[in-house]
Amino acid sequence: MEVKGAGREGVGSYVSTMSLPHEKSKIEVQRKKTTGSATSYTTASIVKSYPRPSDRLNPKTINPFSNPLSPKSAFAGAYAKREIPCRLIHGSVSHKLQWEQPPETICFDPILTILAEGLRETKHPYTFVAKEGFKELLEVEDAAEKAIPLVPKVIPKLKAALAHSEVEVFERGLHGLVQLSAVVGPALNDHLKHLLTSLSKRLMDKNLKQMITDTLQRLEQHGGKNCLVIIKSKIPTYCSIYN
């Protein structure tokens, strides 16, 4: 009987020894699955962190699924509340604005100031609405009469766009400044000193130098000799268009 008992114990030890590699293989398989999942998750995270090539072809656009209660800029809030009497119309080739009433019948105060505020927006459709709306409003027949009293209110908005870190916003500020200068002429001179500092700082950028020079020339053209004196006081290297 002892021999039989010893035989049973031997069989048990043998079975345990045979099942050990099987258990080890299970553990190895489970470990590989876990490691593989972690690796794939890490790889996916790395891939997602890189922008897609197509992102460069599309402008920054507002997220239609964003929280409506999240803070908005003053311009975005005014556009959402329909305080700006125009809307963006998407075309197959280009976009355009549709005004709720003829632009020449619109009171410039406060619409012109709100549109100037929007020049520093960075997302579509705000960027287009502000840029195109500001331009079209200043193109109406009696724009000078309506815009001159608002110059002190518009200048701080243009200053903010010209001081913006993004080049596209700065360029919109330059275009807006030229458009305003063409309409109000010398009425802009007393406020130029608040804007020329931002232009002077960017003159060292070779990609912007010509655009800034063109802007200064247009300011001089519309503002006259007094404008030249102001420009030279802030940017001594500027050469007059009449030299």
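This is a predicted model: local features need pLDDT of at least 70, side-chain atom pairs count only at pLDDT 80 or more; totals for chains, interfaces and linings use all residues.
## Aromatic pairs

There are two aromatic pairs in the structure. Phe 75 and Tyr 126 are both buried.

Tyr 79 and Tyr 126 also pair: their ring centres are 5.9 Å apart and their planes stand at 80°, so this pair is edge-to-face. Here too distant parts of the chain are linked, since Tyr 79 is in helix α2 and Tyr 126 in helix α4, 47 residues apart. Tyr 79, like Tyr 126, is buried. Through these ring pairs, Phe 75, Tyr 79 and Tyr 126 are joined into a cluster.

## Charges over rings

The ring of Tyr 79, part of the aromatic cluster, has the charged end of Arg 87 over it, 4.0 Å from the ring centre. Arg 202 is placed over the face of Phe 170, at 4.5 Å from the centre of that ring.

## Salt bridges around Glu 117

The count of salt bridges comes to seven. Among them is the one between the side chains of Glu 117 and Arg 120, with an N to O distance of 2.8 Å. Glu 117 has a relative accessibility of 13%, and because buried means under 20%, Glu 117 counts as buried. Arg 120, at 37% relative accessibility, counts as partly exposed.

Glu 117 also forms a salt bridge with Lys 157, where the closest N and O atoms are 3.2 Å apart. This pair links distant parts of the chain, with Lys 157 in helix α6 (residues 151–162) and Glu 117 in helix α3, 40 residues apart. Lys 157 has a relative accessible area of 25% and is partly exposed. Shared partners in these salt bridges join Glu 117, Arg 120 and Lys 157 into one network.

## Asp 142 and Lys 146

Another of the salt bridges pairs Asp 142 with Lys 146; the closest N and O atoms are 3.7 Å apart. Asp 142 counts as partly exposed, with 30% relative accessibility.

## Glu 121, buried without a salt bridge

Glu 121 is found in the loop between α3 (108–117) and α4. Glu 121 is buried but has no salt bridge. The nearest side chain of opposite charge is that of Arg 120, 6.4 Å away. A salt bridge needs a nitrogen-to-oxygen distance within 4 Å. Arg 120 does have a salt bridge, with Glu 117.

Which residues does Glu 121 contact, leaving aside neighbours within four places in sequence? They are Ser 73, Phe 75, Ala 76, Tyr 126, Thr 127, Val 169 and Arg 172.

## Lys 209

Lys 209 is in helix α9 (residues 209–223). With a relative accessible area of 48%, Lys 209 is partly exposed. Ten residues along the chain from Lys 209 is Leu 199, and the C-alpha atoms of the two are separated by 9.1 Å.

Technical notes:
Residues are numbered from 1 along each chain as its sequence is written. Side-chain values use heavy atoms; hydrogens and water are left out. Rings of Phe, Tyr and Trp (its six-membered ring) pair if their centres lie within 6.5 Å; planes under 30 degrees apart count as stacked, over 60 as edge-to-face and the rest as tilted. Buried means under 20% relative accessible area, exposed over 50%, partly exposed in between (1.4 Å probe, protein chains only). Helices (H or I, at least four residues) and strands (E, at least two) are DSSP runs, numbered from the N terminus. A charge sits over a ring if NZ of Lys or CZ of Arg is within 6 Å of the ring centre and within 35 degrees of the ring normal. Lys and Arg count as positive and Asp and Glu as negative; His and the chain ends are not counted. Contact means heavy atoms within 4.5 Å.
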